[in-house]
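Please look over the structure shown below with an eye to its backbone geometry and its surface charge. The briefing that follows takes these topics in turn.

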Amino acid sequence: MKKITKKVGWSVAALAAGMLPGVTFAQLDEIVVTATKREQTLQEVPVAVTVTSRDVIEKAHIQDAIDLQSVVPSLRIAQAQSTIQTNFIIRGFGNGANNVGIEPSVGVFIDGVYRSRTSAQLSDLPNLERIEVLRGPQNTLFGKGASAGVVSVVTAAPSFEYDGYIEATGSNFDGFLIKSYMTGPVSDDVAISIGGSVNKRDGYARNITNGNEFNERNRFGVRGQVLVNSFENVSLRIIADYDELDEKCCFAPSLSNPLPGGVGADPFDYETALTFEPTNKFENYGVSAHADVEFDNFTLTSIAAYRISDSQRNNDVDFSAADLFGDNFSTLKTSTFSQELRVTSTNESRFQWLGGAYFFKEKLDQSDQVLFGSLTRGALLAGNAAVLEGAAGVAPGSFFAEGTGASRVGDQSNFAFSFFGQADYEIFDNLTFTAGLNYTNDRKTFSLVQTNTDVFSNTDLSGINPALSALQFFPQMIAIPNAIEDGKSSDDSWDYTVRMSYDFLDDRVKVYAGYSTGFKATSWNFSRDSRPSPAVISALFPNPASVPFNLRPGSRLAKPENSRVIELGLKAQFDIGSINIALFDQAIKDFQTIVFSNGGFVFGNAEKQTARGVEIDFVTNPIEGLTLAFGGTYIDPEYETYTGAALGDLSGTRPGSIHKFSTSTAVTYERPIGQFDAFVRVDHQFDSEVDIQDGGDANAFNLAAAAVDGRTRKVNTFNASAGISYQHVDLSIWGRNLFGDEYLISNFAGLGGGVNGFPNQPETYGVTVRLSL
């Protein structure tokens with residue numbers, strides 16, 4: 001592997017010290033990244049990437065993936081209905097939450113292994129080393145699932161020196177988090193590590209129906225590694241992990257229909273009334289093997305992984321204490337196998353290269369049911385149920401009978417492979433040209449069957465009262481595959497990167513310009529709104545009279561999306577600080593969209609969505625012990641063309657939930673106090689106000705949400721921490737959202753046209769003690 005060196009040139013610190021005698025200027029530590037699948041320093045790599053180090057994660061007390069966005073302004077992480085499904089968004093592009101058929105546009109990799117479905121437990125990994133966020137399409141090197149960017153999580157390998165820690169945290173809401181990690185040699189050639197965590201906390205939301213709390217934490221994880229260096233040029237790292245989650249989540253009160261006594265009038269009172277609390281259960285485990293074989297001028301790398309995850313969730317879909325709907329119970333089992341083979345040059349020549357192949361196989365099995373409750377019949381039909389049943393000729397008590405409804409079973413098999421290569425050529429001193437190419441082939445086989453026991457939806461009421469069709473919640477579904485739809489998709493794409501970079505001022509400053517493309521394959525709709533198009537219905541039923549009543553057209557899939565980005569960047573590092581700036585013009589053609597409507601999901605494609613903007617990352621150590629960090633993003637997004645939206649033609653409008661301005665500011669001061677080492681850190685996250693949903697004033701839901709102060713989101717959050725260390729003991733206190741900033745993560749149309757929302761987490765604070773072994 002190419003050795004990383006730092007060239008020494010003229011020193012800003014030395015010059016400044018001459019002008020300001022008596023002032024000591026600190027030097028920034030170098031940060032090593034693997035953003036281009038070879039080790040380089042952050043300032044060397046000509047890619048828009050933000051790195052969050054272990055030191056920042058620990059000092060800022062980032063508790064889970066959602067907290068990560070407070071230090072990476074271009075990254076937004078959405079988690080609403082379930083803690084199981086987390087949606088990563090970079091530069092306003094990202095999808096994948098709540099419907100397993102939509103793959104993420106932002107790929108998540110943990111130690112080089114792609115996680116196609118992600119929970120919010122990144123920081124529970126023991127001995128995190130860093131988290132890299134790569135912005136813009138990254139398909140050339142990362143392939144599948146990286147059309148908008150990549151989040152790469154790197155943990156430390158086992159050490160041949162004994163090391164470890166045990167850590168305990170106590171926090172409000174009776175929370176406690178225990179972590180431990182140990183590593184060391186078992187022989188001259190073999191080292192191991194093992195770590196784990198238990199994370200529990202009471203809920204901060206309350207169901208006034210029974211007094212139960214929810215939005216809690218209840219998580220457990222363990223991870224072990226073996227590192228074998230039996231031969232001089234061969235290294236083998238094996239990782240096995242298991243984690244589980246069993247939580248009641250997530251709180252989504254009605255904003256438009258407060259309960260008697262004013263309960264629910266303010267969602268940030270965190271009180272609501274439900275028949276039962278929503279539940280999430282998740283079990284995730286896997287094993288991976290990472291092998292490196294070093295030759296004279298190149299390294300051969302193999303990363304193989306097999307993973308399984310099982311999840312269950314249940315929601316009170318009417319979000320009320322009235323038993324209108326019973327269980328909305330769903331399960332998902334995911335099994336994946338992946339294999340990457342890569343060859344990377346390691347010589348010191350002007351020409352550096354890498355190439356490889358990637359294979360991915362995944363199986364999804366999902367089941368889902370929505371059942372009527374004990375009050376559905378009376379609430380919807382009042383005293384007319386028996387009359388309607390008689391007129392329709394069905395058995396008394398059939399309409400909206402408790403326990404009836406609809407259930408679905410779906411599965412998907414995904415097979416994908418890619419070949420990739422990238423080369424850097426130093427044309428002359430300091431001027432480097434980069435070119436990369438990727439071919440990806442992605443094939444899916446999908447099936448979905450619905451069993452409908454809802455007699456009301458199965459009854460033709462057109463001759464009785466056509467208006468009653470609005471209450472037929474579970475219309476006919478045509479199973480897939482069928483005579484016309486085979487449930488198969490086969491997509492492929494050639495994607496590439498070209499980039500030029502130039503270093504000057506003794507390699508202290510780098511400027512670069514690049515163009516990259518990306519791709520995401522077809523996504524199939526697993527929801528109850530997975531329906532054939534009008535053309536398919538006509539082909540299935542050539543005689544219009546034979547079309548089953550109440551068969552409604554819809555969307556089966558979202559077709560592939562293709563992305564591109566033009567990027568200009570500058571990276572500069574001096575002894576007292578660094579500044580990185582990126583200007584970008586990014587677009588996705590046929591951006592895969594997903595809209596939650598009437599309890600189901602409508603899939604589609606926006607013909608072209610764009611985002612233009614600028615990003616800046618600035619870090620300085622003006623004096624010894626003081627670190628100032630600032631990150632800022634300006635984004636101007638637009639649906640350049642979106643004619644098929646559920647709201648009509650949205651062309652020329654601004655997409656919802658993409659903030660124009662986002663900033664992250666942090667001040668950290670470290671200094672020794674006698675025999676102690678101490679630090680204080682304060683950080684601030686700001687997101688400018690934005691409509692949560694698309695459509696602006698043309699969206700009637702936005703107007704209704706505005707009337708109950710639930711239309712927009714604006715973030716203005718402060719976090720702080722302080723700590724001391726003495727020999728092997730570290731003690732810190734911390735607080736997140738210290739001043740009780742209140743905003744909605746998301747909102748949606750509830751039953752009856754009401755407005756529901758997901759409030760952010762209230763202030764949390766605690767004390768952490770770590771004993772290093």
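Is Leu505 buried, partly exposed or exposed? In this predicted model, Leu505 is partly exposed, because its relative accessible area of 40% falls between the 20% under which a residue counts as buried and the 50% over which a residue counts as exposed. The points below set this residue beside other local features of the backbone and the surface.

**Positive phi angles**
- Most residues other than glycine have a negative phi.
- Leu505, although not a glycine, has a positive phi of about 55°, and the residue is found in the loop between β24 and β25 (509-520).
- Ser657, which is not a glycine either, has a positive phi of about 70° and lies in the loop that runs between β31 (626-641) and β32 (661-673).
- With a relative accessible area of 27%, Ser657 is partly exposed.

**Cis peptide bonds**
- Most peptide bonds are trans.
- Cys249 and Cys250 are joined by a cis peptide bond with an omega of about 25°, and Cys250 lies in the loop between β16 (234-248) and β17 (271-272).
- Ile480 and Pro481 are likewise joined by a cis peptide bond, for which omega is about 10°, and Pro481 has its place in the loop between β23 (431-452) and β24 (488-504).

**Surface charge**
- A patch of negative charge on the surface is formed where Asp266, Asp269, Glu742 and Glu763 gather.
- Glu742, one of the residues in this patch, is found in the loop between β35 (729-736) and β36 (744-749), and it is partly exposed, with a relative accessible area of 45%.

Note on methods. Residues numbered from 1 in each chain as written. Predicted model: local features only at pLDDT ≥ 70, side-chain atom pairs only at ≥ 80, totals over all residues. Heavy atoms only, no water. Patch = residues over 30% accessible without salt bridge, like charges linked within 9 Å, V, L, I, M, F, W, Y side chains within 5 Å. Areas by Shrake-Rupley, 256 points an atom, 1.4 Å probe, with all protein chains shown as cover. Salt bridge = Lys/Arg side-chain N within 4 Å of Asp/Glu carboxyl O. Lys, Arg positive; Asp, Glu negative; His and termini not counted. Charge placed at Lys NZ, Arg CZ, Asp CG, Glu CD. Helix = DSSP H or I, 4+ residues; strand = E, 2+ residues; numbered from the N terminus. Buried < 20%, exposed > 50% of the residue type's maximum accessible area, 1.4 Å probe, protein only.
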